[in-house]
Amino acid sequence: MAELSGKYLVGVYDDDDTVLHAVPRLRKAGVKIKEVYSPFPIHGMDEALGHPRTRIGIAAFMFGVTGCICALTLMIWTMGIDWPMIVGGKDPISIPNYIPITFELTVLFTAFGMVTTFFISNGLGPGSHFHPRFDLRSTDNKFVMAIDLGRNSMTVDEISRALKDSGAEEVNIKQF
Amino acid sequence: MASAHSIPSIEERFEFTSGAKRNLLIGGGVGLALIALGAYLAATGGGGHEAAAHGAEHAAAAVGHGAAEHGASGHGAVSAAAGSHHEKSWVARIWANLWVNGVYFTGMSVIGMFFISYNYLAQAGWSAVFKRVPEALPAFLPFTGVVLLLTFIFGGHDLFHWTHEGLYEVGGPEYDRIIAGKRGFLNTPFFLIRLVIYFVVWYGLWRVIRNLSLQEDEIGGTEFYEKSIRFGTAFLVVFGVTSSTSAWDFVMSIDTHWFSTMFGWYTLASWHVAGLAVITLTVVMLRERGYLRAVNSSHMRDLGKFVFAFSIFWTYVWFAQFLLIYYANLPEETIYFIERFRGYGGFYKAPFFITLFLNFFFPFLVLMTRDAKYTHSILKVACWSVIIGHYMDFYTNIMPGSVGAGAELGALEWGFFLLFLCAFAYTIASQLEKANLIPRNHPMLEESLHHDIA
């Protein structure tokens, strides 16, 4: 089905509840859904689409630990070992003095790390080119379901009918 | 997925079984036995810490402590007469234990009221389903109120340095200009008036809200809810002031010379996270016994987040107070931490750092992941860590200034803690029995039953 690669079937829904209920129905019928686009987050949509749970929390923890270690290393090395300095009558290495900066760098590393991870894993940011716009109304008042025809074994007609049955008001074909 | 839940019945009646009653009574009995054992050991001088540490330690402490804190006489003279000090110290230890537990359990009880009040004010929906649990906590206030009142009347002289009359005699041997300057606030009649006012107002407002809630259960409608918002807000206004002043009175005035502008916040943070741990633990235990089936994993996760977030908040306030004093290095302020680090032979150093571990590092790391926040076993471990950790927190705040070198962490301390804990649990369970476990006519109940944070 080479002629179908890059071709998408786009179902447009009017209601978030309709699309939320359409997803498990279509998946049960054997349709492989690429993604649902919505003006606002729909509770339960991730589970309905069968998306694996995000691992960004683990990444955040790792970035945080990195930031914590970097901050402590930096301060202990510069203030305590390389050029020992006494500030406010405290020992050159005095951990309580370092806590605020350690906290700040932990947060900074976590925030930057998570944003970078998010951009990379979503194919956003400089150097990424493929941004399909299935239907611009998904940023306004419609809920848009995209189905990659190249990855589905069902025929276009079968899928369109299933989409219509599940409550889609329009079904369009998009080619990228 | 919200739509996939089938909502369990909201008609639930908690039964305080005779088995549970027996267990709590046995727990209280064990507590009493430990107290008797501890008191016997202390009175006959069996305490290792005190016996071993007495001479050397007091001398060491007196260098940093005696001079600045108590003047030339005061404790220095008492420690010289080791025999008489010893007799006094074990009685003082009992008063101090009553005071530590009284203050701590007062806090946990009143936080139940604090929790429902800010939930009313915010018109929060999610918490409605387990609202009976925080609502049950303040029922313990009369008990701790009486404990604190009697302890102050009979043992206040041992606990509060500022109650010593000699401090105020101008030109007398014990005259203390700084403490005399605080007399307008720290004097026995005003202290007693404040103590009574706190408990009457806190308990009174709780009774109003509790009655409205019970009537709402029978009659329904939004009228009780609207009224509860108003009384809850009134409580928050009152508590905004009294949480700080009671922290000064109950805890900070023990170290009479010392003061910290963070202290009200600090004590409130401590009470709050401990109260949230009690609420979470009670919900978990009720669920394990087959109650509160309508509480779903989203509620549990939010409760877990509450405990997680407020253990960080406590640490933040704790550290902010510590760091300012550490940086500024003013002798009259650092004495507070020096007493806990090096004073009395370094006895308080262990509780000081155990507090930090149990209240921050442990719950922080254990409750960090998403799944941990609704896993019953992990929540239980984290909540117990916080509950015991904040007991240690109040212990390290109250003991050095009241009993100092005479303090221990033995049978007497754990006996009192166990006794209070069992009494608290007994009160909560009796309150839960009085009404339907789920507030069936709460206007926000429907929202709460469908609470879903995905």
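## Close-up views of chains A and B

**View 1. Where chain A meets chain B.** Thirteen is the count to look for on one side here: the contact takes 13 residues from chain B and eleven residues from chain A. Two residues are in contact if their C-beta atoms, placed from the backbone, lie within 7 Å. The side of chain B that touches chain A holds nine nonpolar, two polar and two charged residues. In this classing, Ala, Val, Leu, Ile, Met, Phe, Trp, Tyr, Cys and Pro count as nonpolar, Asp, Glu, Lys and Arg as charged, and the others, Gly among them, as polar. Please keep in mind that this is a predicted model, where local features need pLDDT of at least 70 and side-chain atom pairs count only at pLDDT 80 or more, while totals for chains, interfaces and linings use all residues. Residues are numbered from 1 along each chain as its sequence is written, and chains are lettered from A and ligands numbered from 1 in the order in which they are written.

**View 2. The sheet of chain A.** Four strands form an open sheet in the order E2-E3-E1-E4 (chain A), with antiparallel pairing. Strands E2 (35-37) and E4 of chain A stand at the edges with a single partner strand each, so one side of each is left without a neighbour in the sheet. Neighbouring strands are turned by 25° against each other on average, direction ignored. Helix H5 (residues 156-165) of chain A packs on this sheet and touches E1, E3 and E4 of chain A, its direction making about 15° with that of E1(A). Helices (H or I, at least four residues) and strands (E, at least two) are DSSP runs, numbered from the N terminus; two strands pair if DSSP finds at least two bridges between them.

**View 3. Strand E1 of chain A and its partners.** Strand E1 (residues 7-13) of chain A is mostly covered, with five of its seven residues buried. A residue is buried if 20 or more other C-beta atoms lie within 10 Å of its own, exposed if 12 or fewer, and partly exposed in between, with C-beta atoms placed from the backbone. Six bridges join E1(A) to the antiparallel strand E4 (residues 170-175) of chain A, and A:Val10 stands opposite A:Asn172 in E4(A). Six bridges also join E1(A) to strand E3 (residues 143-148) of chain A, again antiparallel; there, A:Val12 has A:Val144 as its bridge partner.

**View 4. Two helix pairs in chain B.** Chain B has 17 helices and zero strands. The axes of helix H6 (residues 141-159) of chain B and H8(B) come within 10 Å and cross at roughly 175°, which makes H6(B) roughly antiparallel to H8(B). B:Leu148, B:Leu149 and B:Phe152 are among the H6(B) residues in this contact, and B:Phe199 and B:Trp202 are among those of H8(B). By class, the contact has nine nonpolar, one polar and no charged residues. For the second pair, the axes of helix H9 (residues 223-250) of chain B and helix H10 (residues 263-288) of chain B come within 8 Å and cross at roughly 100°, which makes H9(B) roughly perpendicular to H10(B). This contact has four nonpolar, four polar and no charged residues. Axes are lines fitted to C-alpha atoms, for helices over the stretch in contact, and angles run from 0 to 180 degrees between N-to-C directions. Angles under 35 degrees count as roughly parallel, over 145 as roughly antiparallel, 65 to 115 as roughly perpendicular and the rest as oblique.

**View 5. B:Ser213 in its surroundings.** B:Ser213 is placed in helix H8 (residues 188-219) of chain B. Why is B:Ser213 counted as buried? Because B:Ser213 has 20 C-beta neighbours inside 10 Å. Leaving aside neighbours within four places in sequence, B:Ser213 is in contact with B:Glu135, B:Ser228 and B:Pro439.

**View 6. The nonpolar cores.** The largest nonpolar core has 114 residues, and B:Trp202, B:Val273, B:Ala277 and B:Val307 are among those that touch the most other members. Helix H4 (residues 82-121) of chain B gives the most to this core, with 19 residues. Not counting residues up to four places away in sequence, B:Val307 touches several residues, including B:Val273, B:Ala277, B:Leu367 and B:Val386. Apart from this core lies another, of 23 residues, among them A:Ala22, A:Val23, A:Val31 and A:Ala162. A nonpolar core is a set of buried Ala, Val, Leu, Ile, Met, Phe, Trp, Tyr and Cys residues joined through C-beta atoms within 7 Å.
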